[in-house]
Every structure is written in C-alpha cells, then in structure tokens.
Amino acid sequence: MIVTKGINLGVLVKWSAHHIVWLIAVMGIVAFLYKLGIIQISLPWFPVSVVGTAVAFYVGFKNNQSYDRMWEARKVWGGIVNDSRTWGMVVDGFISNLYTDELVSNSEIQLIKQRLIYRHIAWLYAHRSQLLLPTTWEHVSQRGAMARHAKNSQRKYGIGLYGDEITQTELRHYLTDDEHDRLINQANTAAQIINEQSRDLSKLRERGLIDDFRHLEMTRILRSFYELQGKNERIKKFPFPRQYANMSRYFIGIFILLLPLSIMPEFMKLGDWGLEVAVFISALIAWIYVMMEIIGDYSENPFQGMANDIPMMSLCRSIEIDLRQMLNESDLPPEIKPKGGILM
C-alpha cells in the first residue's frame, strides 16, 4: 500500500518510463511516415473522439470494479483485525478454574492461553502466505516482459522490501513442533490451524476449563475466521472477469492507432514544427489512456505482493502485538514501518 501523500513526478516517470518511450517511438514513426508522404490518411477528429469517449467509459467501469475488489479485501482484513482482538479477549477472560472439578495451576492456564493465541497468530501468517501464492492470471505468472516487470516490482516496491521481516513469521515460531510438522504440508494449512483450535476447545470443555456457553461463543469466533478466510480466498481465486479485464486493452490499442491519423494531419497545417509537436501531443493523450488501464489492471488483484497490495504484513504484525500484550508479554516484535513510501 502506498502511504505517501502523493506520487511525485520522478516516481511517476520511473514507473511509466517504458510506456513513454514506446509511445513516443510509435508516434515518431507515424510522423516520419507522414513527412515522407507514405501515409496520407486524414481522419476527422469526431469519430476518433467518439471512440476515445467510449473507451474512457469502459476503462472507468473497469477501474471502479477493480477498486471495489481492493476495498472489499481491506474490509475483510478489518474484520480479521476486530475478531482477532475479540479472540484474544475471550481466551484471556473465559479460560479459568470456574467450572473445573480439580484446580489447574495458574501457570498451566497461562500456557493454554498462550497456545491458543500463538496458534491464532500462526493462522494469520499462514493465511497471508497462502494469499500471496501467484495465480495464473496475476502479472508475475505471465510470460516475457510483463512477468519480468512484475517480479522486478515485487522485489523493489513490494514484498521484496520486507525480506527480513518475513523470515520472522515462520509458523515454527508459533506452533509446537508436532503441530507444525503435521499441518505445514496440508493443502490448506490456515484452515487446518482453525480446526486445530476447535479440537483444543473441545478438550478444554472436557476438562471444565470452559463451560458450554463459552465453548459455543469461542467456536462462533472460529467460524467467523473461516468466513473471513473464505472471502479473501474468493477474491484471490476468482479473477476479475477476463472479458472485462482484457477487452479494454484492445480498445485502448485501437484508439492509440487511430489517434495519430487524426492529430498528425491537423498539426501539419502549422508548418514543419507542427509535426514535431503532434508527436508529443499524441503520445501524451495515449499515455493517459494507457495509465488508466494500468491503474485498474494492477488494482484488481489485491494479494499479489506489489506496492498497491493490502498491507497484510503490517496488519498481521499489529494483531500479533495486540494479542501478545494480552498475554502480558513485553518482548514484542516491532511494528512494520513503511519503506520507500510503501507499507506491506
């Protein structure tokens, strides 16, 4: 997530420099062909402007839907934050000797609370890791220049910025050795961790450390974690419909091809310098449309490890700090700070 107040011109040029280069090159070639007389087509501006308007509406629709996917993902993670704090509260307040036949030592109760809270922290990081696995339609899974650019963006402006912090979130830090070895290779480790919590609650109920009401209430919270995990998985595993995602690219390409055939002849009437100006005017208009397309394209997948992602690492760490403070721990990990204006 980009957390700076604005995007300065230098960063904008750096992100879109390759588009600027190829657009100027294309428009320059068309201008050169006009100058040599090889191209003599002069399209009226009205039909080209109609095409441009239609494309702008279409791309605007795509961008709105892409933003909705990102905002829904952020709301889901907001639910995870709230329910995680609730989980820490009920673990701390519900588990006691109130209903036991034989008293359990305070140290053992504290270890039980720590086990349940640490296991939940493991679920957070496991869920995050699973959401970052690339799908076939995400940029990093494509071929050629797009994949190289996506991997470079991940390294310089995404999860690559936080390599040291990510190594601190290995599940072995939060699960027992037996649980880790048993759950790490499951098809859906995060889902199995929640199931492990449910089994643990059943054992606590048998021992009388929680009563029926508290057992049901804690199980309800576990169910909410399943629902929130499922919502994130739906966003991750169901792509923005490809007919909407891809057709806008073709429409913009058509508009860019038509654009110089209308602008160049008009500027040629101004003299020799007019054609040179037309190159940059055409490239500027085309660049605006290309950037509108790219903004939507990179916003439709909020879990792909890039700069515009939901800041899952930061959210997980904030939850971890809150929960471990509920255990009265003082040796807490540091908060995740933005790096280069980007918070992951």
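User: Okay, helices here are DSSP runs of H or I with at least four residues, strands are E runs of at least two, and numbering goes from the N terminus. Where do Arg223 and Glu227 lie?

Analyst: Both sit in helix 8, four residues apart, about one turn of the helix. Some ground rules: this is a predicted model, where local features need pLDDT of at least 70 and side-chain atom pairs count only at pLDDT 80 or more, while totals for chains, interfaces and linings use all residues. Residues are numbered from 1 along each chain as its sequence is written, and side-chain values use heavy atoms, leaving out hydrogens and water.

User: Which residue does Arg223 form a salt bridge with?

Analyst: Glu227, with the closest N and O atoms 3.4 Å apart. A salt bridge is a side-chain nitrogen of Lys or Arg within 4 Å of a carboxyl oxygen of Asp or Glu.

User: Is Arg223 buried or exposed?

Analyst: Arg223 is exposed, because its relative accessible area is 57%. The cut-offs are under 20% relative accessible area for buried and over 50% for exposed, with partly exposed in between (1.4 Å probe, protein chains only). There is also a network elsewhere: salt bridges with shared partners join Lys62, Arg249, Glu293 and Asp297.

User: How many salt bridges does the count come to?

Analyst: The count is 24. One of them pairs Glu72 with Arg234, whose closest N and O atoms are 2.5 Å apart. That pair links distant parts of the chain: Glu72 is in helix 2 (residues 45–94), Arg234 is in helix 8 (residues 212–237), and 162 residues separate them.

User: How accessible are Glu72 and Arg234?

Analyst: Glu72 has 26% relative accessibility, so it counts as partly exposed. Arg234 is partly exposed too, at 42%.

User: Switching topic. How many aromatic pairs does the structure hold?

Analyst: Six. Rings of Phe, Tyr and Trp (its six-membered ring) pair if their centres lie within 6.5 Å; planes under 30 degrees apart are stacked, over 60 edge-to-face, and the rest tilted. Take Tyr58 and Phe251: their ring centres are 5.2 Å apart and their planes are at 85 degrees, so that pair is edge-to-face.

User: Where do those two lie?

Analyst: Tyr58 lies in helix 2 and Phe251 in helix 9 (residues 242–268), so the pair ties together parts 193 residues apart in sequence. Tyr58 is partly exposed at 21% relative accessible area, and Phe251 is partly exposed at 29%.

User: And why is the pair Tyr125 and Tyr174 called stacked?

Analyst: Because their planes are at 20 degrees, with the ring centres 5.7 Å apart. Tyr125 belongs to helix 3 (residues 106–131), while Tyr174 is in the loop between helix 5 (163–167) and helix 6 (177–183), so the pair connects parts that are 49 residues apart in sequence. Tyr125 is buried at 1% relative accessibility, and Tyr174 is buried at 10%.

User: Which residues form an aromatic cluster?

Analyst: Trp87, Trp123 and Phe225 form one.

User: Pockets now. What volume does the largest pocket have?

Analyst: About 1,100 Å³. On a 1 Å grid over the protein atoms alone, a pocket is an open set of points where a 1.4 Å probe fits, with protein on both sides within 12 Å along at least five of seven lines; lining residues have an atom within 4 Å of a point. Points are joined across faces, edges and corners, and the volume is the space filled by probe spheres set on them.

User: Which residues lie nearest its centre?

Analyst: Of the 38 lining residues, His19, Met291, Ile294, Ile295 and Tyr298 lie nearest the centre of the largest pocket. Helix 1 (9–36), helix 2, helix 4 (144–157), helix 9 and helix 10 each give two or more residues to the lining. Helix 10 gives the most, with ten residues.

User: Last one: how far apart in space are Thr4 and Gly340?

Analyst: They are 8.9 Å apart, C-alpha to C-alpha, and 336 residues apart in sequence. Thr4 is in the segment before helix 1, and it is partly exposed at 41% relative accessibility.
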